[in-house]
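Student: I would like to work through this model with you, one question at a time. Could we begin with the terms we shall need?

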Amino acid sequence: MRAKDIRAKAGEEAITMLTAYDAPTAELVDAAGVDVILVGDSVGNLRLGYDSTLPVTVDEIASRTAAVTRAADDAFVLADMPFLSFGVGEAESVANCGRMVKEAGADGVKLECGKHTVELTDRLTDLGIPVQAHLGLTPQRENETGLFRQATDDDAAEEMLDLAEAHEAAGAFSLVLEHVPANAAAAVTEALDIPTIGIGAGPDCDGQVLTVDEVVGLAEGVAPFSKKFGDVRGEMTRAIEGYVDEVEAGEFPAEEHSHYQEELDDIY
Ligand code: KIV
């Protein structure tokens, strides 16, 4: 899958996108036919024990991205650039994004966007690094905005549309819209040629994205706009408790899990 294939799906075919943060999960997500795997900075809250995405480092995303690209054969793999790894200085931004492609094998990068990412999107696209823009709720700005629904009045919705158009013009191949009113997302989708991929942005986007931890039921709770399709947390709890019970009861390991070496009998 290439960026141009994702782009070509706009208005034609629903785009599926899910996060993955490790090789076994990426293998399953890829085998299920998901179009885009995002190595999201949500790894910070969901897997690394941070309270937010802000502490996530370039090294953490690079290592997780490399694990995912080793396991995924078909999906387009995007590295989600962490807070302050881009947008400060151009050279450093390009180096960090380039590292995801050169070192970790990513097919492109996702940037939480604002006015400061228009030129960078242009530069990265020129250099051959596909960029997925992200507007609406951008959790890296949580200290400024909180984690609330965005674009809820005319001015904010217009600003989102302007930024969406600016990033499309700068070369972004797709756009994530997070936690915005469905009608505002529909208006952006209508205005753009590139596909929009919604999360809490209603049914009219060209595709949908969720975190895999919420979808499989590994996360403790799910966002109101998300959906749990499985109960991996329950399954893991049952398996771990079963192991603890059997070890404590002396039932594991049983005969079939043990082997004996006859010659050793001579030693004792
Ligand atoms: O980090 C992430 O998982 C994301 C998606 C929810 C879009 O940015």
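Tutor: A residue is called buried under 20% relative accessible area, exposed over 50%, and partly exposed in between. Please keep in mind that this is a predicted model.

Student: Which residues form the negative surface patch?
Tutor: Glu165, which sits in helix α8, is one of the residues of this patch. The complete set that forms the negative surface patch is Asp153, Asp154, Asp155, Glu158, Glu159, Asp162 and Glu165.

Student: What accessible area does the nonpolar patch on the surface have?
Tutor: The patch is formed by Val232, Met236, Ile240, Tyr243, Val244, Val247 and Phe252. Phe252 lies in the loop between α11 (232-248) and α12 (264-267), and at 34% relative accessibility it counts as partly exposed. Taken together, the residues of this nonpolar patch have an accessible area of about 590 Å².

Student: Turning to the interior, how many of the six residues of strand β5 are buried?
Tutor: Strand β5 covers residues 131-136 and is joined to strand β4 (residues 108-112) by four bridges, the two strands running parallel. Within this pairing, the bridge partner of Leu111 is Ala133 in β5. Strand β5 is largely enclosed by the rest of the structure, because the number of its six residues that are buried is five.

Student: Which residue in β2 stands opposite Met17?
Tutor: Strand β1 (residues 15-19) and strand β2 run parallel and are joined by three bridges. In β2 (residues 36-39), Ile37 and Val39 point one way, while Val36 and Leu38 point the other way, and all of them are buried. The residue in β2 that stands opposite Met17 is Val36.

Student: Which residue is linked with Lys9 and Glu13 in a network of salt bridges?
Tutor: The side chains of Lys9 and Glu13 meet in a salt bridge, with an N to O distance of 3.0 Å. Lys9 is buried, its relative accessible area being 11%, whereas Glu13 counts as partly exposed at 47% relative accessibility. The residue linked with Lys9 and Glu13 in the network is Asp35.

Student: Does Glu103, which meets Arg99 in a salt bridge, count as buried or exposed?
Tutor: The side chains of Arg99 and Glu103 meet with an N to O distance of 3.0 Å. Arg99 is partly exposed, with a relative accessible area of 24%. For Glu103 the relative accessibility is 53%, and the limit for the exposed class is over 50%, so Glu103 counts as exposed.

Student: By about how many helical turns are Arg238 and Glu235 separated?
Tutor: Arg238 forms a salt bridge with Glu235, and their closest N and O atoms are 3.3 Å apart. Both residues lie in helix α11 and are three residues apart, so the separation is about one helical turn.

Student: Finally, what percentage of the residues of the protein counts as buried?
Tutor: The protein has 12 helices and eight strands, and along its principal axes the C-alpha trace spans about 80 × 35 × 35 Å. Of its 268 residues, the share that counts as buried is 47%.

Key
Residues are numbered from 1 along each chain as its sequence is written. This is a predicted model: local features need pLDDT of at least 70, side-chain atom pairs count only at pLDDT 80 or more; totals for chains, interfaces and linings use all residues. Side-chain values use heavy atoms; hydrogens and water are left out. Patches are made of residues with over 30% relative accessible area and no salt bridge: like charges are joined within 9 Å, nonpolar side chains (Val, Leu, Ile, Met, Phe, Trp, Tyr) within 5 Å. Accessible areas come from the Shrake-Rupley method with a 1.4 Å probe; for residues, only the protein chains shown count as cover. A salt bridge is a side-chain nitrogen of Lys or Arg within 4 Å of a carboxyl oxygen of Asp or Glu. Lys and Arg count as positive and Asp and Glu as negative; His and the chain ends are not counted. The place of a charge is taken as NZ of Lys, CZ of Arg, CG of Asp or CD of Glu. Buried means under 20% relative accessible area, exposed over 50%, partly exposed in between (1.4 Å probe, protein chains only). Two strands pair if DSSP finds at least two bridges between them.
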